[in-house]
Amino acid sequence: MRGYTLIELVTVILLIGILAALAIPRLFDAAAFSSRGFFEEVIHSARYGQKLAVASGCAVQLSISGGGFALHQRQNCAGGAFNRPVPRPSGSGAFAGKAPSGVTLSATAATIVFDSLGRATPGNITVFVDGRSFRIDGESGYVDGP
C-alpha cells in the first residue's frame, strides 16, 4: 500500500504547528527589523566617519543622541566648530539618521571625534542600540562590532 500512516501525518502537522507558533511571529516582527537595521546604520556611520577622517585629513565628529546620530566636519580643517554636515557618499543629503519609533540609542560619550590618523577621542566608547552594542577603540579608532 502507498501513502502515509496516521502517525506520520500527526507528526508533520505537529511540527508545522510548532514552527508556526515560534518562528513565524519572529519573521513578521517589524520592530525587530527596524532595530537591527538602525544598529547596522549606526555602526556603518561610525566606520565611515573614521575612514573619512583618515582619507580627507580632516577630523570628523560622530554625534549620538537618543533620537539619532549625525556626522560633521569642521568648516576649516585647522580648527573651529564641527558645523559642516558630512554628505552621504551617494550625495543624497547629510550623513545622519533618526532612530525608528521604539528604538533606543545611547553611548558612553555623546560625541566622538576621529582625527586625521583615525584615532577616536574620547577613547574606548561603547554604543548601544536596543540591547546590541559595538565598541570604538580610542587609540586605533577601530569600530569593533558584528
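Are Phe38 and Phe69 buried or exposed? Phe38 is buried, and so is Phe69, where buried denotes under 20% relative accessible area, exposed over 50%, and partly exposed in between (1.4 Å probe, protein chains only).

The model shown is predicted: local features need pLDDT of at least 70, side-chain atom pairs count only at pLDDT 80 or more, and totals for chains, interfaces and linings use all residues. Residues are numbered from 1 along each chain as its sequence is written, and side-chain values use heavy atoms, with hydrogens and water left out.

**View A. The aromatic pair of Phe38 and Phe69.** The structure holds three aromatic pairs. Rings of Phe, Tyr and Trp (its six-membered ring) pair if their centres lie within 6.5 Å; planes under 30 degrees apart count as stacked, over 60 as edge-to-face and the rest as tilted. One of these pairs is formed by Phe38 and Phe69, which is tilted, with 6.0 Å from centre to centre and 45 degrees between the planes. Phe38 belongs to helix H2 and Phe69 to strand E2, so the pair ties together parts that are 31 residues apart in sequence. Helices (H or I, at least four residues) and strands (E, at least two) are DSSP runs, numbered from the N terminus.

View B. Tyr48 and Phe95 form a stacked pair, 4.9 Å centre to centre, with 10 degrees between the planes. Tyr48 lies in helix H2 and Phe95 in the loop between E3 and strand E4 (96-98), 47 residues apart. Tyr48 is partly exposed, with a relative accessible area of 24%, whereas Phe95 counts as buried at 10%. The charged end of Arg88 sits over the ring of Phe95, 4.7 Å from its centre; this requires NZ of Lys or CZ of Arg within 6 Å of the ring centre and within 35 degrees of the ring normal.

**View C. The disulfide of Cys58 and Cys77.** The structure holds one disulfide, defined as a pair of cysteine sulfur atoms within 2.5 Å. The sulfur atoms of Cys58 and Cys77 are 1.4 Å apart, and the link is right-handed, with 70 degrees about the S-S bond. Cys58 counts as buried at 10% relative accessibility, and Cys77 as partly exposed at 39%.

**View D. The surroundings of Ile136.** Ile136 is found in strand E9 (residues 132-136) and counts as buried at 0% relative accessibility. Not counting residues up to four places away in sequence, Ile136 touches several residues, including Ala46, Phe114 and Tyr142; contact means heavy atoms within 4.5 Å.
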